[in-house]
Amino acid sequence: MAVEQLPDNVMVSKLDELASWCRKNSLWPMPFATACCGIELMATGAARHDIARFGAEAFRFSPRQCDLMIVAGRVVMKMLPVLQRIWSQMNEPKWCISMGACASTGGVFDTYCVVQGIDRFIPVDMYVPGCPPRPEQLIQAIIDLQDKIQREGTLNGSEFDTAQRQQPKRALVELPVYGQTPYFNPTSPLVKKL
Amino acid sequence: MPANPTTLEALQARFGELPTTEFREQTRVVITADQVPEVMGWLKSERGFDLLVDVSCVDYLNFRDATDRYGMVYQLANTLTAERLTLRVYLNDPNPTVPSVVPLWQGANWLEREVYDMFGIHFTDHPNLRRILMPEEFTAFPLRKDYPLQGRGERHNFPVLERSDA
């Protein structure tokens with residue numbers, strides 16, 4: 001067989017896997033830090049936790065130079081058009097990490113102006129729980145994202161087009177409100193008296 | 001520090017009896033919207049209240065024993081004597097309107113814009129009465145008590161970006 005004639009210093013792989021291997025080990029994060037999660041994001045980039053061990057230390061504040069958006073903190077309705085514009089300006093292939101409870105769900109800020117999860121409006125690859133998450137958790141998200149890129153990445157980015165990858169958007173419904181929706185009937189014995 | 005009694009006496013002598021209360025060494029005087037330019041100008045020029053500390057508002061909808069819907073709050077201070085005075089102006093629907101105090105204190109500009117943004121109080125003769133916190137296209141006044149905490153869906157009224165859009 002042809003493979004047996006290869007010299008020892010030659011490896012055979014798929015082009016897709018080679019491209020994914022290159023991409024996953026040089027993620028360039030775009031720090032979209034709006035709140036206290038941003039402090040943890042900075043700590044992740046600093047010496048003690050050292051995100052450079054995973055090849056993602058090159059934070060750039062220009063979306064043109066980034067391929068990983070880390071949304072760290074709550075996003076208000078005045079900020080969301082900015083977020084979407086920055087996401088659109090990033091070059092493909094690109095990924096998004098939703099860091100912390102606020103970016104993922106709105107967190108405790110269930111008010112008229114805070115977006116209840118950025119995944120309602122832009123694609124998200126990884127969610128990091130926590131309020132704010134520890135740097136270890138963000139690093140774990142980056143490791144998981146690297147696994148994801150290696151597992152399903154392709155040279156031409158066709159994984160972004162497949163039907164499985166295009167997750168249906170979360171239903172845009174309001175959360176139940178105490179005393180106003182049947183989920184929380186105030187007279188129910190199951191509801192703890194306020 | 002409570003207001004100087006001579007200030008209150010002079011105020012009553014100049015503008016007649018005004019409802020005045022004192023609570024925890026803070027003096028509060030209630031005036032009407034029409035009196036705002038006159039009283040504020042007099043306090044600034046004659047009594048040395050050269051600093052407008054804050055302009056704020058309270059919505060008294062569903063508040064017990066309340067007779068008026070909105071209560072404007074003006075906090076004045078005299079930086080030489082450390083004397084402080086609170087002025088209240090009660091306003092009602094349908095057009096809560098009060099004269100602007102920007103001609104007297106430039107610092108009132110953004111404070112009044114914030115009150116307009118959150119409560120929909122109109123300030124006549126304000127040089128630039130636009131929203132300051134909420135987006136320009138926002139239509140409601142979110143700190144009014146009849147506005148729901150979670151809004152009326154404004155926070156979800158955005159286009160959804162898919163992977164294929166980028």
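This is a predicted model: local features need pLDDT of at least 70, side-chain atom pairs count only at pLDDT 80 or more; totals for chains, interfaces and linings use all residues.
Visitor: What makes Asn62(B) count as exposed?

Guide: Asn62(B) has 8 C-beta neighbours inside 10 Å, so Asn62(B) counts as exposed. Asn62(B) sits in the loop between E3 and E4 of chain B. Its phi is positive, about 65 degrees, although Asn62(B) is not a glycine.

Visitor: And Ala82(B), is it buried or exposed?

Guide: Ala82(B) has 8 other C-beta atoms within 10 Å, and therefore it is exposed. Ala82(B) lies in the loop between E4 and E5 of chain B. Ala82(B) also has a positive phi of about 65 degrees without being a glycine.

Visitor: What do E4(B) and E5(B) form together?

Guide: E4(B) and E5(B) form a hairpin, with four residues between them and Ala82(B) in the turn. Two strands are called paired if at least two bridges are found between them. E4(B) and E5(B), the latter covering residues 83-91, have nine bridges and run in the antiparallel sense, so by the cut-off of at least two bridges they are paired. Tyr70(B) stands opposite Leu91(B) in E5(B).

Visitor: How do you know that E3(B) pairs with E4(B)?

Guide: Again by the bridges: E3(B), residues 51-59, and E4(B) have eight of them, in the antiparallel sense. One facing pair is Leu51(B) and Ala77(B), the latter in E4(B).

Visitor: Which peptide bonds are called cis?

Guide: One is the bond from Cys131(A) to Pro132(A), with omega near -10 degrees. Pro132(A) is in the loop between E4 and H5 of chain A. Another is the bond from Asp93(B) to Pro94(B), with omega near 0 degrees. Pro94(B) lies in the loop between E5 and E6 of chain B.

Visitor: Turning to chain A, what pattern does it follow along the sequence?

Guide: Chain A has five helices and four strands. Read along the sequence, they follow the pattern α-β-α-β-α-β-α-β-α.

Visitor: Why are E1 and E4 of chain A placed at the edges of the sheet?

Guide: The sheet is open, with four strands in the order E1-E2-E3-E4 and parallel pairing. E1 and E4 of chain A each have a single partner strand, so one side of each is left without a neighbour in the sheet. Neighbouring strands are turned by 15 degrees against each other on average, direction ignored.

Visitor: What joins E3(A) to E4(A)?

Guide: Three bridges join these parallel strands. In E4(A), Val128(A) is the bridge partner of Met99(A). H5(A) packs on the sheet, where it touches E3 and E4 of chain A, and its direction makes about 165 degrees with that of E4(A). Angles over 145 degrees count as roughly antiparallel, so H5(A) and E4(A) fall in that class.

Visitor: Why is H2(A) called roughly perpendicular to H5(A)?

Guide: H2(A) and H5(A) pack at an angle of about 70 degrees, with their axes 9 Å apart. The range for roughly perpendicular is 65 to 115 degrees, so H2(A) is roughly perpendicular to H5(A). Glu40(A), Leu41(A), Ala43(A) and Thr44(A) of H2(A) make the contact with Pro135(A), Leu138(A) and Ile139(A) of H5(A). By class, these residues are five nonpolar, one polar and one charged.

Visitor: Which residues have the most contacts inside the largest nonpolar core?

Guide: They are Leu68(A), Met69(A), Ile70(A), Val71(A), Ile97(A) and Met99(A), in a core of 37 residues. A second, separate core has 30 residues, including Leu43(B), Leu52(B), Met72(B) and Phe123(B).

Visitor: How many residues of each chain are in contact with the other chain?

Guide: 25 residues of chain A are in contact with 15 residues of chain B. The side of chain A that touches chain B has 13 nonpolar, five polar and seven charged residues.

Definitions and conventions
Residues are numbered from 1 along each chain as its sequence is written. Chains are lettered from A and ligands numbered from 1 in the order in which they are written. Two residues are in contact if their C-beta atoms, placed from the backbone, lie within 7 Å. Ala, Val, Leu, Ile, Met, Phe, Trp, Tyr, Cys and Pro count as nonpolar, Asp, Glu, Lys and Arg as charged, and the others, Gly among them, as polar. A nonpolar core is a set of buried Ala, Val, Leu, Ile, Met, Phe, Trp, Tyr and Cys residues joined through C-beta atoms within 7 Å. A residue is buried if 20 or more other C-beta atoms lie within 10 Å of its own, exposed if 12 or fewer, and partly exposed in between; C-beta atoms are placed from the backbone. Axes are lines fitted to C-alpha atoms, for helices over the stretch in contact, and angles run from 0 to 180 degrees between N-to-C directions. Angles under 35 degrees count as roughly parallel, over 145 as roughly antiparallel, 65 to 115 as roughly perpendicular and the rest as oblique.
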